[in-house]
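This briefing is for a reader who is new to the structure below. Please look over the sequence and the model before reading on.

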Amino acid sequence: MKRAEIEKLAQQSQQTLDKARRYREAAEPLPDGDVDKERLLAAATAIEITGRDWTRVAQELATNG
């Protein structure tokens, strides 16, 4: 895999984690137990998992590619 492609994966990872951060920030002012807060936090967690996967793939390709 070309370096540019690996960098694109790393960039995608950062964008994904930034999105999760924005969801967490949006949930912060909502009261505990609020359904929307719980949904935002659940979505942030799912997005973070995806971001970590992007990061892992980029790291593996960078070291093995």
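Which residue forms a salt bridge with Asp32? The partner is Lys37, and the closest N and O atoms of the two are 2.8 Å apart. The model is predicted.

- Helix α1 covers residues 3–27 and helix α2 covers residues 35–64.
- Two packed helices are described by the angle between their axes and the distance between the axes.
- Here the axes of α1 and α2 come within 8 Å and cross at roughly 165°.
- Because an angle over 145 degrees counts as roughly antiparallel, α1 is roughly antiparallel to α2.
- The crossing of α1 and α2 is left-handed.
- Sorted by class, the contact of α1 with α2 has 18 nonpolar residues, seven polar residues and five charged residues.

**Salt bridges**

- Side chains of opposite charge can pair when their charged atoms come close.
- Arg21 pairs with Glu25 in a salt bridge, with 3.1 Å between the closest N and O atoms.
- Both Arg21 and Glu25 belong to helix α1, where they are four residues apart, about one turn of the helix.
- Arg21 has a relative accessibility of 39% and therefore counts as partly exposed.
- Glu25, with a relative accessibility of 45%, also counts as partly exposed.
- Another salt bridge joins the side chains of Arg24 and Glu48, with an N to O distance of 2.9 Å.
- This pair links distant parts of the chain, since Arg24 is in helix α1 and Glu48 is in helix α2, 24 residues apart.
- Arg24 counts as partly exposed at 30% relative accessibility.
- Glu48 has a relative accessible area of 17%, so Glu48 is buried, the cut-off for buried being under 20%.

- Lys37 is buried, with a relative accessible area of 11%.
- Lys37 has its place in helix α2.
- The side chains of Lys37 and Asp32 are also joined by a polar contact of 2.8 Å.

- Which side chain makes a polar contact with the side chain of Thr55? The side chain of Ser13 does, at 2.3 Å.
- Thr55 lies in helix α2 and is partly exposed, with a relative accessible area of 27%.
- Along the chain, Thr55 and Gln14 are 41 residues apart, while their C-alpha atoms are separated by 8.2 Å.
- Ala42 is likewise placed in helix α2.
- With a relative accessible area of 48%, Ala42 is partly exposed.
- The C-alpha atoms of Ala42 and Ala20 are separated by 9.8 Å, and the two residues are 22 residues apart along the chain.

Note on methods: Residues numbered from 1 in each chain as written. Predicted model: local features only at pLDDT ≥ 70, side-chain atom pairs only at ≥ 80, totals over all residues. Heavy atoms only, no water. Axes fitted to C-alpha atoms, helices over the stretch in contact; angles between N-to-C directions. Helix = DSSP H or I, 4+ residues; strand = E, 2+ residues; numbered from the N terminus. Parallel < 35°, antiparallel > 145°, perpendicular 65-115°, else oblique. Left-handed = near helix turned anticlockwise from the far one by under 90°. Nonpolar A, V, L, I, M, F, W, Y, C, P; charged D, E, K, R; others polar. Salt bridge = Lys/Arg side-chain N within 4 Å of Asp/Glu carboxyl O. Buried < 20%, exposed > 50% of the residue type's maximum accessible area, 1.4 Å probe, protein only. Polar contact = N/O pair within 3.5 Å; in protein donor to acceptor, adjacent residues only side chain to side chain.
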